[in-house]
Amino acid sequence: MLKCRVLILTGLFMVGVGMVETTMADSMGKPVYDSPREVQPLVKGESIPNGELTTLKGKKVELKTLVSQKPSILIFYRGGWCPYCNLQMGQLVKIEPDLMKMGYQLLAITPDKPGSLRESLKKHGINYTLLSDRTMGLTRQFGLAYRLDPQTLEKMKGFGVDLEKSTGNALHELPVPAAFVVDTKGTIHFVYYNADIKVRVNPDDLMKAAKEALK
């Protein structure tokens, strides 16, 4: 009888632990995926999540507060160390004036720590806003976060990329590069992402989507 009671209590304890784990998982939103090809980003028509980001000056800002001010183009990129991201950053510099004339603001989000953002700003003569999501909390909620395996991390080090140094943490997570067109209510009107890190949204397609979202 005693053994039976112990088993019952143990079972109840495990159920309780399971409920706590489920609650924690639900509160964290979307998971961190094992590869870039597995990510499941938010889609057109959904509302963006809220989350805290950090400016290059170290100020904390909420994404929904920023988006409520103007229609927004959200760009998720890997970091200032990524050559393909740098190419995209330069392309965005060229179209930003036209986006601004349409009433948009351009917000580029990266896991780079705030101190690294200034380097990217100077490198490309960027006027648009760079924001740090070094904890990857918001990137996860957008369904874009994936975890790098040890082999990939070692390969990156061979190219002189120290992810822990650039992010200031040991999460070893990156976003799949993506672009979202969002209105002031936070509704998504356009989504682009590609697991191939060499391929980014075409600037002309992004401009077209921005115009369509205003209709």
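Are Phe76 and Phe180 buried or exposed? Both are buried (under 20% relative accessible area; exposed is over 50%, partly exposed in between; 1.4 Å probe, protein chains only). The model is predicted: local features need pLDDT of at least 70, side-chain atom pairs count only at pLDDT 80 or more, and totals for chains, interfaces and linings use all residues. Residues are numbered from 1 along each chain as its sequence is written, and side-chain values use heavy atoms, with hydrogens and water left out.

**View 1. Helix α4 (residues 114-124) and its buried residues.** Helices (H or I, at least four residues) and strands (E, at least two) are DSSP runs, numbered from the N terminus. Pro114, Ser116, Leu117, Ser120 and His124 are buried. They lie on the same side of α4, because their arc around the axis is only 140° (directions from the helix axis to the C-beta atoms). Exposed Gly115, Glu119 and Lys122 sit on the face turned away. Just after α4, Gly125 has a positive phi of about 60°.

**View 2. Phe76 and Phe142, a tilted pair.** Ring centres are 4.8 Å apart and planes at 50° (pairs need centres within 6.5 Å, for Phe, Tyr and the six-membered ring of Trp; planes under 30 degrees apart are stacked, over 60 edge-to-face, the rest tilted). Phe76 belongs to strand β3 (residues 72-76), Phe142 to the loop between α5 (137-141) and β6 (145-147), 66 residues apart. Phe142 is buried, at 0% relative accessibility.

**View 3. Phe76 and Phe180, an edge-to-face pair.** The centres are 5.9 Å apart, the planes at 75°. Phe180 lies in strand β8 (residues 178-182), 104 residues from Phe76. Phe76, Phe142 and Phe180 form one aromatic cluster.
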